[in-house]
Amino acid sequence: MNIRFDGQVCVVTGAGSGIGFTCAKLMAESGAKVAMVGRNPEKIAKAAEMLAGSGEVYPYALDVSDIDAIPGVVTRIREELGEIRFLIQAAGIMAGGPGVDLEPAEWDRVMNTNAKGLFFMMQQCVKQSMLPMKFGSIVNIASMAGIRGMTPPMCSAHYSASKGAVVALTMQAAVEWADCNIRANTIAPGGVMSGGAGVHLPEAGKPGPGGPGGPGGPGDGPGGPPTTGVPTNRLSDPEEIAGMAVYLLSEYSENTTGQVIVIDGGSTAVGY
């Protein structure tokens, strides 16, 4: 199987590190022109520098929770690189803790990035490029926390709700835009060892409990999700998540849409 996207534009959010960085790398190596989107200008510029040898990569600073800024950045990507055919959304905030202690501001902080920002980024890419072209393929990164309950402090009410929203929004997109030849799928990772991929700078905000990767997100806290109860007895590598994303974007999956692909070493199969 030889997957190529030569000269075609792909937007990757959360591309500064972890899963997003690895997705950008694989798409660039497959010939795509990759718009690497990240909220920290210094970090996303450095990440693009690191991937310069992989292919065509271009940094764009954007905090996806800033809804008003999204249309302008999408327009700029189109003007500078061409129409957007592919979108991978890996931007996200990892968060954990008991629901009884959850404050409204913390709820909003996580939901605004993981769910609201994800939707409006998808909306703008569809509205500006994919609908007029009658073509598009989208992969949104959720988490197994979005399809089942998990014990705090590994996850939390707002993190799980946000990732459940990713699943629902992706399914709705798949149904709503199918007649325009636009596909949308979700990957729901378990624990991912993504700490070594990309740039890691100190950033404001509460650290998540997931360590390298966390359950389906970048995670910046100490430690990491346990492997007890995971049949493969290991966490996933970011390349495994990114490889699935590349496949889902490609022509080899052109009749696959509205699906949730769980990559968790079999842990959901045994009820972990």
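Predicted model: local features only at pLDDT ≥ 70, side-chain atom pairs only at ≥ 80, totals over all residues.
Colleague: Where does α4 run, and how many residues does α4 have?

Modeller: Helix α4 covers residues 104–133 and has 30 residues. From its first C-alpha to its last it reaches 40 Å, close to the 44 Å expected at 1.5 Å a residue.

Colleague: Where is the kink in α4 centred?

Modeller: The kink is centred on N112 and amounts to about 45 degrees.

Colleague: Turning to packing, at what angle do α4 and α5 pack?

Modeller: The angle is about 15 degrees, and the axes of α4 and α5 (residues 157–176) are 9 Å apart. Angles under 35 degrees count as roughly parallel, and α4 and α5 are therefore roughly parallel to each other. Their crossing is right-handed.

Colleague: Which residues in α4 meet α5?

Modeller: Among them are W107, V110, M111, L118 and F119 in α4, and the α5 residues they and others meet include Y159, V166 and L169.

Colleague: What about α3 and α4: at what angle do their axes cross?

Modeller: The axes of α3 (residues 70–81) and α4 cross at roughly 40 degrees and come within 10 Å. The two helices are therefore oblique to each other, and α3 passes α4 in a right-handed crossing.

Colleague: Which residues in α3 meet α4?

Modeller: I70, P71, V74, T75 and R78 do so, and the α4 side includes F120, M121 and Q124.

Technical notes. Residues numbered from 1 in each chain as written. Heavy atoms only, no water. Axes fitted to C-alpha atoms, helices over the stretch in contact; angles between N-to-C directions. Helix = DSSP H or I, 4+ residues; strand = E, 2+ residues; numbered from the N terminus. Parallel < 35°, antiparallel > 145°, perpendicular 65-115°, else oblique. Left-handed = near helix turned anticlockwise from the far one by under 90°. Contact = heavy atoms within 4.5 Å. Expected span 1.5 Å × (residues − 1). Bend = angle between axes of the 7 residues up to and from the residue.
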